[in-house]
Amino acid sequence: PTPPNTMAALAKKPLSIGLVGAGVVGGGVYEILAKRRDDFLAVGADCIIKKICVRDVNKVRDFEIGAGTTIVGDVKEILDDPEIDCVLELMGGTGLAKDVVFGAISAGKHVVTANKALVAAYLPEIQSLLNEHPEVSFSYEAAVCGGIPIINTLQQDYLGDHVESVMGIMNGTTNFMLSKMEFEGAAYGDVLAEAQALGYAEADPTADVEGHDVQAKIALIAKLAYGTTVPVSEIPTTGISSIDAVDFEYAKMMNSTIKLLGTAKMNPGEIPSLSVYVSPVVVPQTHPVAAARGATNIVNVTSANLGSTSYVGPGAGRFPTANSVVSDVLRLAHGLTSKPFPVTTEVPLEPDYTSNFYLRISISDTLGIIRAVGEAAERNGVGIHSVVQNHINNPENVDFVVTTELCKYSEVQAMCDEIASKDFALAPPLIMSLISS
């Protein structure tokens, strides 16, 4: 006989679901499954949310809960229910959410989650537990870039290809802020305050503006593209808090813009290596990534067979994110889920990545500065590509930009450390990666 919770069995019976977390995304998932129930039944997907677990069972929800759904306050009422086939973990965090996910897998229940922080932080442990429970499906489409179906795409559509690089805007808050700075000439502090007022940024915006949110997402992307587990703590990360309106002035002079990107790329060589990092990047206006504005996300994949391919869409929000969760649920109901991590390899990590770089140097003007910068570059093995400078209005506070030839991050950092020690330097130079046009 067919075991009751296998893919084959699920395709023949209703999928009974336990939902943990009924906030913005959880409510959106419930609404989609309820409103589109007849459409889903017509294509053979009978999905029923039997129980919803929340912290406060008496709280009034912003969606209508049907008579067939029970509100509970203890997650054990879902994990210990033999009739529930699948657990949707939509509460977030890495504390109780970890117990929910690990408990569901251990109980033989399928898991759908939108929790990128949890999956990235505990990826080896999740893989190990799934290996012990091969009957369990684990899906996480909504964990990266909200409504963009990038996870399933990398799980299935690039298996016959060779991915050379993946880069993308994976945080809508910072892209909203950078877009405002570009088009309105606004200062960083002003756009941050506006993003907070509009609900894009949290009261403590550190996870967004310092790139930590993107860290977890690019770790998952790298795992799917290359098969290598990249610890989040080992991903070099620089946020956007040091970017100023003047950087957009210089970017415009280069026919470019500035985006916060997560990047994973293979470094060819006798022993290939993998570089994964998060950084603000000067991007040519001709590059696909440059066109994504506001809170939009984009992932650009460069591969041997397909060349450059871009996936664009909303990176957050109630229904975009809920749509990705529902897509995972429907694949599960049809018995068509992908292996969560289809490829496993061990590629050496190279955190000291190679790139062209943009350096904004802030100085009090005096004789010999260009010579000193050139000598610092030469001593540290950095080739200068160009020097760009706006008209000087105040000699006591001057910004100019140096762009480099391809070099290692450590080399350009050493160059900038040397420049920062000079008497003419007003601050350490700002370093950004630069995509050559």
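**A buried pair and its helix**

Author: Asp-213 and Lys-217 are both buried. Keep in mind that this is a predicted model.

Reader: Which helix do Asp-213 and Lys-217 lie in?
Author: Helix α12. They sit four residues apart there, about one turn of the helix.

Reader: How many residues of α12 are buried?
Author: 14 of its 15. The helix covers residues 212-226 and reaches 21 Å from its first C-alpha to its last.

Reader: What follows α12?
Author: Gly-227, with a positive phi near 80°.

Reader: Switching topic. How many salt bridges are there?
Author: The count comes to 18. One of them joins Lys-35 and Glu-31, at 3.8 Å from N to O.

Reader: Is Lys-35 buried or exposed?
Author: Exposed, because its relative accessibility is 66%, over the 50% cut-off. Glu-31 is buried, at 17%.

Reader: How far apart are Lys-35 and Glu-31 in helix α2?
Author: Four residues, so about one helical turn separates them. Both also belong to a network of salt bridges with Asp-62 and Arg-318.

Reader: Now the strands. Which strand pairs with β1 over six bridges?
Author: Strand β2, in the parallel sense. Ser-16 stands opposite Ile-48 in β2.

Reader: And how many bridges join β2 to β3?
Author: Three, and those two strands run parallel. Ile-52 has Ile-71 in β3 as its bridge partner.

Reader: Is β2 mostly covered or uncovered?
Author: Mostly covered: five of its seven residues are buried.

Note on methods
Residues are numbered from 1 along each chain as its sequence is written. This is a predicted model: local features need pLDDT of at least 70, side-chain atom pairs count only at pLDDT 80 or more; totals for chains, interfaces and linings use all residues. Side-chain values use heavy atoms; hydrogens and water are left out. Buried means under 20% relative accessible area, exposed over 50%, partly exposed in between (1.4 Å probe, protein chains only). Two strands pair if DSSP finds at least two bridges between them. The expected span of a helix is 1.5 Å times one less than its number of residues. A salt bridge is a side-chain nitrogen of Lys or Arg within 4 Å of a carboxyl oxygen of Asp or Glu.
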